[in-house]
Amino acid sequence: MRRFLHLYVGELRRLIKYKIVFFSLLVSLIWVAIVVLSDKTTAVALVPTLIGMDAGMMSIILLGASFYFEKQEGTIHSLLVSPVPVAQVLLAKVLSAISAGLVSMLMVAGLAWIVHGAAVSFGWMALVVIVMVASHTAIGYVFILISKDFMSMLVRIMGVLLLFYVPAILVPLGIITEEWLWVALLSPTYAGSFLLESLYKTVSSGLLAFAALYLTAIAGVIYPLAVYPRFLRIAVEG
Amino acid sequence: MNNVFEIRNLVFSYPGKPEPTLKGLTFSIPKGTVFGLLGPSGAGKSTTQKILTKLLEGYSGEILYNGKDLRSFGKPFYEDIGVGFEMPVHFNKLTALENLAYFAGLYRKTIDYEALLRTLGLYEARNQAVGEYSKGMKVRLNFARALLNDPDILFLDEPTNGLDPRNAKIVKDLILNFQNQGKTVVITTHLMGDVEQLCDEVVFITNGKLSEIKSPRDWKLQYGKKEVAVEYLDDGGLRREVFPMERLADQPGFLQALSHPVETIHSGETSLEDIFIRVTGESQNA
């Protein structure tokens with residue numbers, strides 16, 4: 001446990017030193033400004049989307065940037081020949097991405113509450129952010145690990161995320177109707193946003209359970225079966 | 001003498017490659033020695049080292065580490081070993097101290113790495129970001145990283161590559177000091193001067209196969225010519241004569257040559273560079 005905490009704190013320190021946290025906070029500040037300057041109705045509508053973007057898209061980009069720095073510097077090699085299991089190294093990285101997502105969540109949802117009185121259960125919201133970051137970073141890692149460099153990873157991720165954002169456009173336009181909402185929930189990004197929205201409005205509990213289980217399953221399946229073996233291979237090959 | 005590693009019939013193939021990279025290696029690494037694993041690029045040295053450091057699995061054959069199957073060791077194995085990579089393995093935006101503190105936190109026991117930085121001439125630059133270090137400084141920091149956990153076995157890949165003679169000597173002295181504590185070093189390098197100064201035993205690996213294991217001296221005796229070449233001045237001109245090494249003092253020609261002003265005397269000892277080329281060349285042609 002001591003080593004895992006050391007890895008986690010080290011990862012956070014590294015993200016700060018490499019200014020990755022700085023850019024993450026900068027993006028969060030932009031979201032905060034949007035929320036503060038909006039009226040209450042708009043702010044409540046925007047908060048789930050903005051937090052969802054941070055927990056989804058931003059967490060992947062931050063993790064990708066961090067990974068390519070590390071690959072370039074060969075430090076994964078150095079970690080491999082230490083007594084720390086690779087699974088813990090991966091977990092520390094995911095946990096640091098979750099931490100960044102939670103900070104952003106507290107800033108955005110907190111300010112919405114303070115300025116507009118948009119009350120929300122921060123505990124449940126934190127759980128949603130954790131599940132969302134875990135599932136999106138699992139998908140993100142697959143693309144990070146198959147891409148040769150940061151730019152090609154970014155292009156791939158953007159393509160996939162655009163696809164994931166399609167339901168977020170089709171549902172409000174009424175193209176995807178209520179009875180087909182479960183199809184929209186197959187997009188992990190929409191499923192995450194749906195969970196976040198459920199904190200501000202009443203939604204179907206069946207769909208809520210589906211979205212939560214679906215995102216948890218994504219993280220639970222992709223990390224051990226796809227991410228871990230490939231991460232290990234790349235770490236060994238250097 | 002106890003063997004730290006005993007390797008028997010080690011065969012390893014990379015997925016998708018038709019031919020095995022290692023073709024039945026059998027050798028032992030005695031405890032307390034500096035063991036040189038030499039060979040041309042792509043011969044299988046790194047693969048062997050990666051297997052011995054448990055970075056690669058899926059091999060056939062047997063590897064015993066301190067008498068036990070290497071496969072039976074988990075992550076605590078890395079408490080025992082230190083690995084010095086050829087390429088830098090540090091966070092460039094962190095200082096040398098921050099880097100070492102980060103990696104030190106992953107081990108049960110660590111050395112006084114500030115003292116080591118002093119010995120390696122990096123103490124003044126300890127709070128400088130590693131990205132600003134010269135190549136030589138990064139190589140020395142890599143060495144510090146390998147020693148960080150006070151290991152029993154040190155695996156070093158080109159430990160003095162890119163170092164000036166003064167710093168190379170510091171690193172070599174540290175390696176010998178490490179060995180003097182009864183610890184073992186496995187070294188791969190292309191610098192034959194280092195091999196000669198450091199290694200007790202040397203094995204050449206070519207095309208996944210091993211040569212015999214010998215000390216640098218024995219390799220030189222095997223491949224060197226048993227002769228002495230004398231250059232001396234005679235009638236104002238330079239003359240060169242070669243004499244067989246056997247019963248040198250009984251050879252009148254040799255004694256006659258020594259009666260002249262001698263410019264140079266060389267034995268027919270060959271260099272390790274030549275031996276490297278001949279052994280690895282012979283293996284490739286075999």
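Helices, meaning runs of at least four residues that DSSP assigns as H or I, and strands, meaning E runs of at least two residues, are numbered from the N terminus. With that in mind, the elements of chain A read α-α-α-α-α-α-α-α-α-α from the N terminus on, which comes to 10 helices and zero strands. The model is a predicted one, and in it 18 residues of chain A are in contact with 24 residues of chain B.

**Chain A as a whole**

- The radius of gyration of chain A is 18 Å, close to the 18 Å that the globule rule gives for 238 residues, so chain A is as compact as a globular protein of that length.
- Taken along the principal axes, the C-alpha atoms of chain A fill a box of roughly 50 × 35 × 35 Å, and 40% of the 238 residues count as buried.
- If one considers the contacts in chain A between residues at least 6 apart in sequence, 77% of them join residues that are at least 24 apart.

**One residue in chain A: Ala219(A)**

- Ala219(A) lies in helix H10 of chain A, which covers residues 205-237, and it counts as buried because it has 22 C-beta neighbours inside 10 Å, where 20 or more are needed.
- Once its neighbours within four places in sequence are left aside, Ala219(A) is in contact with Ala134(A), Ser135(A) and Ala138(A).
- Ala219(A) and Leu207(A) are 12 residues apart in sequence, and from C-alpha to C-alpha they are 19 Å apart in space.

**Where chain A touches chain B**

- On the side of chain A that touches chain B, helix H1 (2-17) and helix H4 (75-80) of chain A each supply at least two residues, and H1(A) gives the most, with five residues.
- By residue type, this side of chain A divides into seven nonpolar, seven polar and four charged residues.

**Strands of chain B**

- Four strands of chain B form an open sheet with antiparallel pairing, in the order S2-S1-S4-S5.
- Strand S2 (22-30) and strand S5 (68-69) of chain B stand at the edges of this sheet, each with a single partner strand, so one side of each is left without a neighbour in the sheet.
- Strand S1 (residues 3-12) of chain B pairs with S2(B) in the antiparallel sense over seven bridges, and the bridge partner of Phe12(B) in S2(B) is Leu22(B).
- S6(B) and S7(B), by contrast, pair in the parallel sense over four bridges, with Val83(B) standing opposite Phe155(B) in S7(B).
- In a regular strand the side chains alternate between the two faces of the sheet.
- In strand S6 (residues 81-84) of chain B, Ile81(B) and Val83(B) point one way while Gly82(B) and Gly84(B) point the other way, and all are buried.

**Helix H6 of chain B**

- Helix H6 (residues 165-180) of chain B has 16 residues, which at 1.5 Å a residue should span 22 Å, and this agrees with its end C-alpha atoms being 22 Å apart.
- Ala168(B), Val171(B), Ile175(B) and Phe178(B) are buried in H6(B), and they cover an arc of only 80° around the axis, which puts them on the same side of the helix.
- These buried residues pack against strand S3 (34-38), helix H5 (135-147), strand S7 (153-157), strand S8 (184-188) and helix H7 (192-198) of chain B.
- The face of H6(B) turned away from the buried side carries exposed residues, namely Pro165(B), Arg166(B), Asp173(B), Asn177(B) and Asn180(B).
- Just after H6(B), Gly182(B) takes a positive phi of about 85°.

Conventions. Residues numbered from 1 in each chain as written. Chains lettered and ligands numbered in written order. Predicted model: local features only at pLDDT ≥ 70, side-chain atom pairs only at ≥ 80, totals over all residues. Contact = placed C-beta atoms within 7 Å. Nonpolar A, V, L, I, M, F, W, Y, C, P; charged D, E, K, R; others polar. Expected span 1.5 Å × (residues − 1). Buried ≥ 20, exposed ≤ 12 C-beta atoms within 10 Å, placed from the backbone. Arc of directions from axis to C-beta. Pairing = 2+ DSSP bridges. Rg over C-alpha atoms; globule rule 2.2 N^0.38 Å.
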